[in-house]
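Visitor: Please show me the structure, and then take me through some of its features.

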Amino acid sequence: MSDYKGSIARTAFAGKCPRCGEGKLYKSFLKVGDQCDVCGLDYGFIDSGDGPAPFVIMIVGFIATGGLLYTEFTYEPLVWLQAIIWAPVATLLCVAFLYWLKGALIAQQYQTKAEQGQRLDGPLAEVVNKAEAE
């Protein structure tokens with residue numbers, strides 16, 4: 001990939017093009033643009049789908065639960081105060097991590113030239129089908 005100048009971190013955190021690292025990846029908050037305005041890379045290949053969601057749930061769940069438990073056992077605030085503190089924190093963390101992880105998965109998809117899985121035909125399909133039958 002001689003034309004690859006971007007990085008996974010730059011695409012993830014700054015929302016930049018995975019190829020050149022300069023153009024915008026998103027046209028709105030989580031909506032991917034049609035193409036890079038600098039290098040012209042067509043973003044039609046991008047399909048992050050629901051990929052970032054499980055990671056966001058696990059990471060933010062760990063952070064928010066840990067923070068909530070620490071706050072509860074250290075300061076013993078009222079339940080409504082806990083809700084007022086941790087509901088917005090968890091929401092903001094979810095939004096931030098979703099932005100970052102979606103960008104990271106898009107960059108990995110570009111870097112590894114990932115594509116939709118396809119059905120096998122021919123002699124290799126016979127070997128796979130035979131192995132699955134056993």
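**Helices and exposed residues**

Visitor: Is the crossing in which H2 passes H3 left-handed or right-handed?
Guide: Helices here are DSSP runs of H or I with at least four residues, numbered from the N terminus. A crossing is left-handed if the near helix is turned anticlockwise from the far one by less than a right angle, and right-handed if clockwise. The way H2 passes H3 is right-handed.

Visitor: What kind of model is this?
Guide: Residues are numbered from 1 along each chain as its sequence is written, and side-chain values use heavy atoms, without hydrogens or water. Local features need pLDDT of at least 70, side-chain atom pairs need 80 or more, and totals for chains, interfaces and linings use all residues, since the model is predicted.

Visitor: How are H2 and H3 oriented to each other?
Guide: The axes of H2 and helix H3 (residues 79-111), lines fitted to C-alpha atoms over the stretch in contact, come within 9 Å and cross at roughly 150°. An angle over 145 degrees counts as roughly antiparallel. H2 and H3 are therefore roughly antiparallel.

Visitor: Is Glu76 buried or exposed?
Guide: Glu76 lies in the loop between H2 and H3, and its phi is positive, near 50°, though it is not a glycine. Buried means under 20% relative accessible area, exposed over 50% and partly exposed in between (1.4 Å probe, protein chains only). Because its relative accessibility is 62%, Glu76 counts as exposed.

Visitor: What separates the C-alpha atoms of Ala9 and Trp100?
Guide: Ala9 is in helix H1 (residues 8-14) and is partly exposed at 43%. Ala9 and Trp100 are 91 residues apart along the chain, and their C-alpha atoms are separated by 8.6 Å.

Note on methods: Axes are lines fitted to C-alpha atoms, for helices over the stretch in contact, and angles run from 0 to 180 degrees between N-to-C directions. Helices (H or I, at least four residues) and strands (E, at least two) are DSSP runs, numbered from the N terminus. Angles under 35 degrees count as roughly parallel, over 145 as roughly antiparallel, 65 to 115 as roughly perpendicular and the rest as oblique.
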